[in-house]
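Subject: Structure handover and findings

Hi,

Here is the structure for you to look over. My notes on it follow below.

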Amino acid sequence: MGGTPRPPAAQVQTEERHHSRPDIVGPDSPEAPYPIRLAGAIQKGFGRGGKDLGCPTANLPDKSITALSSAVKTGVYYGYAQVIPPEAQDFPQEDRQVLPMVMSLGWNPFYKNKCLTAEVHVMHEFKNDFYGIEVKVVVLGYIRPELDFISREALIEDIEMDKRVALKSLDRPEYRKYLDDPHFVSE
Ligand SMILES: Cc1cc2nc3c(=O)[nH]c(=O)nc-3n(C[C@H](O)[C@H](O)[C@H](O)COP(=O)(O)O)c2cc1C
């Protein structure tokens, strides 16, 4: 295939595996290679996240994808993110906080994407769209491998579970410390 990287085959999620997922993941304190700190201007994705899945995602630029994929395998991760608007822009204070996030690094087997993406879903209702705006991310742990799904509903169920797992896993003292990480901008 002329050296073009091809997405690896992904395992299909089953109902048993979905129901046996743990609700807290990772050790009580982040271990190497975490924390992984990333920053970049948000790119436009295919726009399916918000519309199809009720889960809008901010796509990270290629530079971040390269840095990430050299440190970790594809899959779903958790941590914190902060959206940093240019000063002139009217962006409410609550949208500029450090917020919990889930991130998918992968080939999106369910949608059969042809290239690797890193998409961050920040767990917060934003008032504005933020394409082109800088986002800072601190990745603190791994949740699960990237999977294929028999239906859009099954993918949504796992993403909802990812959000619960991320919130619970971040709600530990050694993880909460990263809310004040120097990577983030304080007011
Ligand atoms: C927490 C999270 C977990 C995800 N897990 C998977 C997965 O296991 N398999 C998959 O095909 N896509 C997964 N996705 C990616 C969605 O398919 C993707 O966000 C959707 O295609 C929207 O992409 P777009 O913003 O480029 O349109 C996940 C996304 C998020 C935010």
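First, a definition for the ring search: rings of Phe, Tyr and Trp (its six-membered ring) pair if their centres lie within 6.5 Å; planes under 30 degrees apart count as stacked, over 60 as edge-to-face and the rest as tilted. Two caveats apply throughout. This is a predicted model, so local features need pLDDT of at least 70 and side-chain atom pairs count only at pLDDT 80 or more, while totals for chains, interfaces and linings use all residues. Residues are numbered from 1 along each chain as its sequence is written, and side-chain values use heavy atoms, with hydrogens and water left out.

**Aromatic rings**

The search of the whole structure gives four aromatic pairs. One of them is Tyr78 with Tyr175, a tilted pair with 5.9 Å from centre to centre and 35° between the planes. This pair links distant parts of the chain. Helices (H or I, at least four residues) and strands (E, at least two) are DSSP runs, numbered from the N terminus.

Are these two tyrosines buried or exposed? Buried means under 20% relative accessible area, exposed means over 50%, and partly exposed is in between (1.4 Å probe, protein chains only). Tyr78 has a relative accessible area of 0%, so Tyr78 is buried. Tyr175 is buried too, at 0%.

Tyr34, Tyr77 and Tyr142 make up one aromatic cluster.

Two charges are placed over rings. The test is NZ of Lys or CZ of Arg within 6 Å of the ring centre and within 35 degrees of the ring normal. Lys73 has its charged end over the ring of Tyr142, 4.6 Å from the centre. Arg48 lies over the face of Tyr111, 3.9 Å from the ring centre.

**The ligand site**

Which residues are closest to the ligand? They are Gly47, Arg48, Glu119, Arg144 and Leu147, out of 24 residues that surround the ligand. To be counted, a residue needs one of its heavy atoms within 4 Å.

By class, this shell has 12 nonpolar, seven polar and five charged residues. Here Ala, Val, Leu, Ile, Met, Phe, Trp, Tyr, Cys and Pro count as nonpolar, Asp, Glu, Lys and Arg as charged, and the others, Gly among them, as polar. Three elements each supply at least two shell residues: α2 (48-53), β4 (99-106) and α4 (152-170).

Now the polar contacts. Each is a pair of N or O atoms within 3.5 Å; within protein, one must be able to donate a hydrogen and the other to accept it, and residues adjacent in sequence count only if both atoms are side-chain atoms.

- Phe110 has a backbone N or O atom 2.9 Å from an oxygen atom of the ligand.
- Leu147 has a polar backbone atom 2.7 Å from a nitrogen atom of the ligand.
- Arg144 has a polar side-chain atom 2.8 Å from an oxygen atom of the ligand.

Taken alone, the ligand exposes 620 Å², and the protein buries 99% of that. These areas come from the Shrake-Rupley method with a 1.4 Å probe; for residues, only the protein chains shown count as cover.

Arg144 lies in strand β6 (residues 134-144). Its relative accessibility is 8%, so Arg144 counts as buried. The Arg144 side chain also makes a polar contact with the side chain of Asp162, at 2.9 Å.

**Backbone details**

There are cis peptide bonds to check. One joins Ala32 and Pro33, with omega about 10°. Another joins Tyr34 and Pro35, with omega about 0°. Pro33 is in the loop between α1 (15-19) and β1 (36-41), and Pro35 lies in the loop between α1 and β1.

Asn108 is not a glycine, yet its phi is positive, about 45°. Lys112 is not a glycine either, and its phi is about 55°. Asn108 is in the loop between β4 and β5, where Lys112 is also found. Asn108 is buried, with a relative accessible area of 12%, whereas Lys112 is exposed, at 60%.

**The loop between β5 and β6**

Gly132 is in the loop between β5 (117-122) and β6. Gly132 is exposed, at 52% relative accessible area. Its C-alpha atom is 25 Å from that of Lys112, 20 residues apart along the chain. Asp129 is found in the loop between β5 and β6, and is exposed at 64%. The C-alpha atoms of Asp129 and Gly54 are separated by 15 Å, with the residues 75 apart along the chain.

Best wishes
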